[in-house]
Amino acid sequence: MNAIPSTHALRAQLEAIERKEGNARRVAMRSYGPVRTNAIETASGPWQIEFCPSALAFRERLAALDAEAAPRTVLLTPCDAQDLGDDVLAFLVRQRLFDPKPREMVKERFELRQIDPRLELPDWFAERLLEASAPESANLAVGYLDEASAWGIVLRSMLGLETARPDLRILLAWARSERARAAWRALDEAQRDRIAAWIAESAGALASVLLAKLAADASFDPLAWGLACEVMLGGTERELGVLQGKLDGGPLDGEVLRLYSEAARGEFLFLRGSSPEEATRVAREGERVIESLGFAARLAQSSVLPGSWKARWSAFGAALHEVLQRGADALPALAAQRGEIESHAFAKEESEAARLARATMALRLARAIFLPAANDASAGLAELSQRYLHEGLWVDRAREALIPGDSDEVLARAYRSLSERATERRELENQRFAAALAAATANGGDDPGLLPIEELLRLAVAPLARELPVLVLVLDGLSWPIAVELMQNVLKSWSALGHAELRIPRPVIAALPTITEVSRASLLCGELVCGGQDTEKKGFANHRELRKLSSAKKEPLLFHQDALGHRAGELALELRAALSDDERRVVGVILNAVDDSLEKGDQLELRWNVALIPLLEQLLELAELQGRAVILTSDHGHVRELLSAQAKPAGAASGDERAGSRYRPATSAARDGELRLRGPRVSKDHGGDIVAPWSERLRYGKVKRGYHGGATPQEVLVPLCILRSLGHELPSGWEVDEQLFSEPAWWIEDCVADAAGGVFASTRATAGAKRPTRRTKKDAAAEKQPSLFPVEEPEPALAATPNPLPSAAADTTPAPAWLIALARTALWKEQVRRAHAAERDAELALRILRILSEHRGRMLRAALALRLAVPPFRLRGMLSMAQRLVNLEGYPILEVREEETVVLEEGVLRGQFGVGE
């Protein structure tokens with residue numbers, strides 16, 4: 001077929017002529033027909049275009065142009081140079097007839113010395129190169145057009161694809177655009193085939209199938225189909241055949257499906273962040289595709305679709321119901337279903353963190369209700385208090401977490417049933433505790449295993465203040481469940497201390513009734529009293545033991561809530577000055593954040609951390625800066641309002657000023673759920689004789705978020721946390737307490753079950769266990785574990801880890817081959833060098849990787865600490881070092897996510913370090 005040059009080819013030829021012939025006026029070019037324009041604009045100005053069908057017409061027009069002094073002109077003709085004659089050629093640029101062939105014009109257009117010989121240049125391809133602007137390219141700069149650069153220009157020009165070698169995910173993103181899909185369908189078949197073959201080289205053979213389907217079906221959405229493919233992973237041959245038929249016979253083995261679904265998953269998650277409305281549309285289409293294929297029942301297998309997220313939550317609710325019906329045997333299935341929820345992409349979203357945390361708490365509580373109940377009827381108040389601190393407070397923390405319920409009705413009912421089961425058990429424990437409290441109170445409450453709150457300043461604060469300045473932080477109404485939640489945040493910068501001779505920590509018992517006027521006043525005055533802020537200030541300043549440590553002008557100073565500073569969070573200057581003065585040995589601060597939160601009856605879901613209480617955060621920072629120790633405590637705890645709470649029981653006093661939400665004068669006999677408390681530790685202002693509920697279901701006032709005044713361990717046992725900032729020396733006689741905030745075994749992800757009873761055994765030390773002492777360098781050397789990877793052994797294996805905890809599995813299995821290979825790579829050794837990691841640090845990092853790999857890359861921090869046989873606070877430094885070794889270029893291969901879950905992206909790790917199985 002005789003060619004007619006395109007406008008782009010003509011322009012490229014003219015620009016090449018202009019570069020060499022600046023004064024060119026008359027140019028002849030071969031064309032077998034007229035072009036669609038009569039003028040072309042170049043950088044140096046316009047050119048007139050005229051077609052001369054014969055040699056005679058060419059001569060006549062050339063003569064006319066000379067006579068008319070016409071503008072610069074291109075004469076197009078189908079004639080050969082011989083037909084025109086030498087006399088005519090003499091009046092033309094270079095005395096020749098130019099033939100602007102596309103390939104040659106490409107060289108002229110980009111001023112090339114050479115074109116990649118692998119590059120085919122059909123006319124349509126060359127035309128796209130001619131019409132496109134030249135991109136920045138090192139090869140083009142030196143006059144060489146390589147294959148990738150050429151395809152990059154063409155794909156961008158024809159289809160809007162911004163890369164020369166698109167992968168499958170880029171292709172899916174491109175196909176979302178209706179403009180892109182229309183451009184693809186507008187191409188002729190030959191063009192589509194050639195482009196599809198090129199894209200398949202980088203995106204895989206499936207790309208050709210998807211592009212063919214896209215050309216044949218205008219409604220086809222490759223991204224939605226990729227999302228649907230995930231539910232087919234592991235499908236039968238027949239099922240894959242159904243899908244293959246829908247894709248017009250495209251290649252669909254397991255690996256192709258995996259690559260397709262992973263690309264679709266990544267693009268969909270990006271879309272959720274950048275264009276939520278479009279993501280919703282794609283998700284609906286993906287779910288419609290799954291349904292149209294007949295696999296709606298497998299929707300939950302998707303890790304990204306909203307429908308699968310909902311289905312997984314419903315399945316978790318059904319699994320929880322199964323646990324409540326069948327017992328502990330169904331717990332593994334519940335844990336597995338919770339794992340399915342965690343593996344869904346939505347689990348990583350901040351908006352879902354609270355819901356996922358509730359699911360974790362439900363699993364923990366489901367484990368706890370199958371613990372064997374203690375049957376020791378002779379246990380006294382001290383022993384029952386220890387049991388609460390070791391187990392009960394964790395149960396209560398989990399119970400409180402479930403109060404908000406869930407939007408899924410199946411799961412919401414399961415949460416209610418689980419909470420009711422746990423509450424029934426708590427009620428029995430509360431009754432026993434209250435009976436022991438009544439007996440101890442009647443006997444005067446003198447028990448060396450307990451610390452009366454009125455003795456806290458003398459037996460805890462004063463001994464510490466002899467060694468260094470102290471800040472006494474009293475969080476009014478702080479319960480033990482909230483205290484341990486706060487401590488997870490606080491212990492990132494502070495250590496909890498204990499003192500063996502002083503028997504600290506030990507359970508602190510509030511004064512009775514467990515209300516602020518009685519118990520807080522008794523705490524701050526150092527004796528059983530009842531009073532308000534004035535009484536507290538005078539009593540604190542004049543406390544005999546504290547005054548002995550203070551000069552006459554630097555007596556203990558107490559700040560109540562209204563004296564702390566402005567609502568904006570700035571601490572008052574007087575408070576700052578007091579905390580900055582080392583001669584002021586004791587400063588007390590009252591914070592009402594917890595007690596204030598109980599006043600409202602709405603179902604607020606508070607996640608207690610230091611940042612939630614800005615003044616607390618500032619006080620801790622200032623204390624850390626000044627080197628002050630901190631004693632964080634309370635005056636009493638509280639019980640949360642439950643849906644099963646009852647109204648005031650018959651016979652209770654009404655209108656009596658000495659009655660409260662959870663206590664009343666003993667003007668009538670104790671009824672169901674109540675008991676009588678009398679003795680010297682019951683406030684004289686209340687007659688030394690009150691009736692208080694042991695049941696959580698009783699209250700004597702209006703509905704609130706929580707209550708105090710009663711006889712449950714939640715209200716009576718007062719948190720006591722003695723803190724020293726990390727990096728500061730420990731005061732004499734005080735040691736780090738590694739057990740105070742240790743979770744019971746059932747709280748931890750991979751705890752073990754008792755072989756006989758099928759219940760989860762506690763790893764907590766008993767009340768009489770020996771407290772840890774400070775380790776010396778000699779001790780550390782003696783306890784040094786064997787090398788993780790012995791250098792001289794050709795096939796090293798992980799050595800066993802000494803582990804004193806009964807539920808911690810010893811590391812006796814050999815290390816996987818990929819981990820051994822990783823430790824031998826030059827990149828790993830370079831990372832160790834850069835991080836200035838000791839041999840021991842590198843060994844611990846590798847041990848952490850191995851344990852996480854055994855647990856599919858996800859473990860709670862507490863579970864990992866248990867496996868490593870280290871206290872949780874020590875794990876922080878180990879994880880930090882491990883992250884420095886494996887997180888190449890800042891990529892989060894190893895990270896700690898919400899709810900203290902440690903996550904290892906093992907596949908990415910292997911790829912980064914180049915190690916396989």
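Reader: How do helix 17 and helix 18 run relative to each other, roughly parallel or roughly antiparallel?

Author: This is a predicted model, where local features need pLDDT of at least 70 and side-chain atom pairs count only at pLDDT 80 or more. Numbering starts from 1 along each chain. The axes of helix 17 (residues 306-326) and helix 18 (residues 331-342) come within 9 Å and cross at roughly 165 degrees, with axes fitted to C-alpha atoms over the stretch in contact and angles running from 0 to 180 degrees between N-to-C directions. Angles over 145 degrees count as roughly antiparallel and those under 35 as roughly parallel, so the pair is roughly antiparallel.

Reader: How many nonpolar residues are in the contact of helix 17 with helix 18?

Author: Contact means heavy atoms within 4.5 Å. Helix 17 brings residues including Trp309, Trp313 and Phe316, and helix 18 brings Leu331, Leu334 and Ile341 among them. By class there are one polar and three charged residues, and the nonpolar ones number 10.

Reader: What about helix 10 and helix 12, roughly parallel or roughly perpendicular?

Author: Helix 10 (residues 178-186) and helix 12 (residues 205-216) pack with axes 9 Å apart at about 90 degrees. Arg181, Trp184 and Arg185 of helix 10 meet Leu211, Leu214 and Ala215 of helix 12. Since 65 to 115 degrees is the perpendicular range, these two are roughly perpendicular.

Reader: Is Ser551 buried or partly exposed?

Author: Ser551 sits in the loop between helix 26 (544-548) and strand 12 (557-559). Buried means under 20% relative accessible area and exposed over 50%, with partly exposed in between (1.4 Å probe, protein chains only). At 35%, Ser551 is partly exposed.

Methods. Side-chain values use heavy atoms; hydrogens and water are left out. Helices (H or I, at least four residues) and strands (E, at least two) are DSSP runs, numbered from the N terminus. Ala, Val, Leu, Ile, Met, Phe, Trp, Tyr, Cys and Pro count as nonpolar, Asp, Glu, Lys and Arg as charged, and the others, Gly among them, as polar.
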